[in-house]
Structure formats: C-alpha cells, structure tokens
Amino acid sequence: MGKVFVFDHAKCNGCRNCQIACKDEHVDNDWSPWAKPQPDTGQFWNRIEERVCGQVPKVKVSYVLHMCQHCGDAPCMAAAPDAVYRRDDGLVIVDPEKAKGRRELVEACPYGAIFWNEELEIPQKCTGCAHLVDAGEMPHCVDVCPHEAIWFGEEGEFPAEIAAAEPLVPERAAVDKPRVYYLNLPKRFLAGIVIDPEADEVITGAKVTAENLDTGDVLTTETDEFGDFWFLRVAEASWRVYVEADGYLTRAVDASTVDEDRNIGPIGLYES
Ligand code: SF4
Ligand code: SF4
C-alpha cells in the first residue's frame with residue numbers, strides 16, 4: 001500500500017496552477033532532508049504537456065501531467081541504492097546529501113523526472129511535498145488544482161480509480177510499477193462532415209458507421225446539426241467509414257488513426 005497520486009485528464013483544463021505551485025513551494029525553499037531548493041528556471045518537477053490533435057478545423061487540445069511516478073520498482077533506486085530511497089509512505093526521495101555529484105542519476109529515470117541542479121551539483125525531483133505530507137497536508141500541486149484533477153492519498157482510498165486507470169507509459173508499467181494513476185488519457189479520434197455537394201448543404205442525422213478493419217469492431221453515430229460526426233477515444237487502427245442517409249447513395253471512405261487523430265473532412269453524398 002502507501003501513498004499514490006491520481007490524475008484525471010478529463011478534469012484538467014491546462015491552467016498550470018499545479019506547475020506554478022511546485023515552483024512556489026520549492027524555489028528558494030530548503031526542505032531538507034527531502035529536498036534542497038529548486039532553481040527558478042530549468043526544472044519542472046511537475047509539468048503539464050499540451051497535446052494538439054487532429055487537423056483543422058477539427059482540432060482538440062488536451063493536457064497531460066508529467067511528474068515523478070514514485071515507482072514501486074524505481075529504476076533510480078536501482079541505479080543508486082545508496083542515494084535514492086523509498087519512505088515508508090511510498091514516496092521516492094533522492095537524498096540531496098548522498099546524491100551530491102551523481103549527475104548520472106538524471107539519465108536513470110525513464111520518465112525524465114530527475115533534473116540536474118548545476119549550482120548545488122545535485123540531482124533533484126518531486127518529493128511529493130514530503131514536508132507537507134508529514135505535516136498532515138496535501139502536496140501543493142494537489143491543493144491548488146481548481147478542478148480537483150490531481151488527487152493524493154492512501155492507495156486504499158482509490159480502488160475504483162486505480163482499477164480504471166492506465167499508466168502514462170504503458171510499455172514501462174510492468175517494469176517500473178508507477179504509482180501515479182491516470183484516468184481518461186487522450187485517445188485517438190475519427191471525425192468528419194457529411195455534405196450534399198449539389199445542394200451545397202450539410203446533411204444532418206446521417207448514420208455513420210466506422211468499422212475497425214483490424215479487429216472487426218463496429219461503432220455508430222449520427223451527424224449533428226452541423227453535419228459533423230465524431231468518434232472519440234477510438235483505437236489506433238485502419239477504418240472503413242460508411243455514411244447513409246435517406247434519399248442518398250451510401251458511401252464508404254477509408255481512414256487511418258494509426259499515426260494520428262483523423263479528420264476525414266467533407267464526405268459528399270449524392271441523391272439516389
Ligand atoms: S492545476 Fe489542475 S487543472 Fe490546472 S493544469 Fe494542473 S492538473 Fe490541470
Ligand atoms: S519516475 Fe523516475 S525519478 Fe520517479 S521514482 Fe520512477 S525512476 Fe525514480
């Protein structure tokens with residue numbers, strides 16, 4: 001058991017209060033034995049990544065939290081067992097005294113969560129605001145989030161969230177056993193607009209069926225009042241999209257979401 005973080009991507013609007021709060025808490029503040037002061041530039045112990053997906057005009061922006069994953073089987077601990085340790089509550093700490101001069105630790109973290117402090121000559125990272133946790137408070141990033149997108153607490157407090165969560169880097173999850181759990185991470189979308197080119201109008205209420213050519217799975221939706229259709233959170237796959245509407249010939253279009261989100265653009269239907 002022990003402490004974990006949960007980040008709900010669906011609640012984050014990218015305000016970056018959490019990022020600023022980390023600076024506020026750690027720049028010029030010495031929280032030894034957990035951390036020496038963070039420099040005011042060059043380090044982001046937590047960071048909100050902005051992801052822009054799709055093609056104009058169907059574009060979505062999303063925000064993903066990056067931070068130390070306080071791994072259950074931490075590569076940084078394996079690289080320097082004399083200088084990196086786990087507290088009883090699960091937080092992974094780079095000891096600022098014992099890690100002095102150990103620049104190689106920056107490379108030991110596969111998540112890019114360890115930074116080098118040139119002035120103090122120490123590797124540094126998120127401590128989970130251990131000094132606040134010890135005082136019975138929340139990590140500052142959790143405390144300031146206006147949308148309650150970041151949670152922190154005992155693992156047993158979040159059974160449903162942990163069951164529904166996915167790791168930030170799936171291919172590393174089994175190795176590192178990260179203890180930051182992510183909900184609703186962005187997935188691919190497949191979108192388009194259905195039009196009647198002869199009438200120069202959009203077609204509303206058209207039935208749109210997307211067949212996953214890799215698995216055979218089928219999704220359906222209808223065009224909205226603007227003639228648009230969206231399939232959200234779809235697999236990375238090759239698709240055949242069928243469009244049907246009363247009085248029109250059915251049309252099929254192929255599209256791929258293997259490499260990126262896909263806006264198919266206008267799909268013209270012609271009267272039958
Ligand atoms: S403070 Fe909350 S809503 Fe704002 S960027 Fe951070 S996680 Fe997202
Ligand atoms: S995310 Fe990196 S710094 Fe944090 S515990 Fe895992 S290996 Fe260590």
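**Figure 1. The shell around ligand 1 has nine nonpolar, four polar and one charged residues.** The model shown here and in the other views is predicted. In total, 14 residues lie around ligand 1. Those that come nearest are Cys12, Cys15, Arg16, Cys18 and Cys145.

**Figure 2. Ligand 2 is surrounded by 13 residues.** Sorted by class, this shell consists of ten nonpolar, two polar and one charged residues. Which residues are closest to ligand 2? They are Cys68, Gln69, Cys71, Cys76 and Cys109.

**Figure 3. Strand 2 and strand 3 form an antiparallel pair.** Strand 2 covers residues 46-55, and strand 3 covers residues 58-67. Ten bridges link the two strands. Within this pairing, Val52 of the model faces Val61, which stands opposite in strand 3.

**Figure 4. Gln43 sits in the loop between helix 1 and strand 2.** Helix 1 spans residues 17-26. Is Gln43 buried or exposed? Its relative accessibility is 1%, so Gln43 counts as buried, the cut-off for buried being under 20%. When neighbours within four places in sequence are left aside, Gln43 is in contact with Lys23, Gln38, Phe115, Trp116, Asn117 and Gln124.

**Figure 5. Glu154 belongs to strand 8, which runs over residues 150-154.** The relative accessible area of Glu154 is 32%, so this residue is partly exposed; that class lies between the limits of 20% and 50%. Apart from neighbours within four places in sequence, Glu154 is in contact with Gly2 and Lys3. Lys23, which is among the contacts of Gln43, is 131 residues from Glu154 in sequence. In space, Glu154 and Lys23 are 25 Å apart, C-alpha to C-alpha.

**Figure 6. The protein chain is divided into domain 1 and domain 2.** Domain 1 takes in residues 3-183, and domain 2 takes in residues 188-268. Eight residues from domain 1 and 13 residues from domain 2 make up the contact. Taken over C-alpha atoms, the centres of domain 1 and domain 2 are 39 Å apart.

**Figure 7. Domain 1 and domain 2 bury an area of about 730 Å² between them.** The size of an interface is often given as the accessible area lost when the parts come together. Carbon and sulfur atoms give 55% of the area here. Which three residues supply 77% of the area that domain 1 buries against domain 2? They are Gln55, Lys58 and Lys60, and their share is more than that of any other three residues.

Key:
Residues are numbered from 1 along each chain as its sequence is written. Chains are lettered from A and ligands numbered from 1 in the order in which they are written. This is a predicted model: local features need pLDDT of at least 70, side-chain atom pairs count only at pLDDT 80 or more; totals for chains, interfaces and linings use all residues. Side-chain values use heavy atoms; hydrogens and water are left out. A residue is near a molecule or strand if one of its heavy atoms lies within 4 Å of it. Ala, Val, Leu, Ile, Met, Phe, Trp, Tyr, Cys and Pro count as nonpolar, Asp, Glu, Lys and Arg as charged, and the others, Gly among them, as polar. Two strands pair if DSSP finds at least two bridges between them. Helices (H or I, at least four residues) and strands (E, at least two) are DSSP runs, numbered from the N terminus. Buried means under 20% relative accessible area, exposed over 50%, partly exposed in between (1.4 Å probe, protein chains only). Contact means heavy atoms within 4.5 Å. Domain bounds come from an automatic or database domain assignment. Buried area is the accessible area (1.4 Å probe) that two parts lose on being put together, summed over both.
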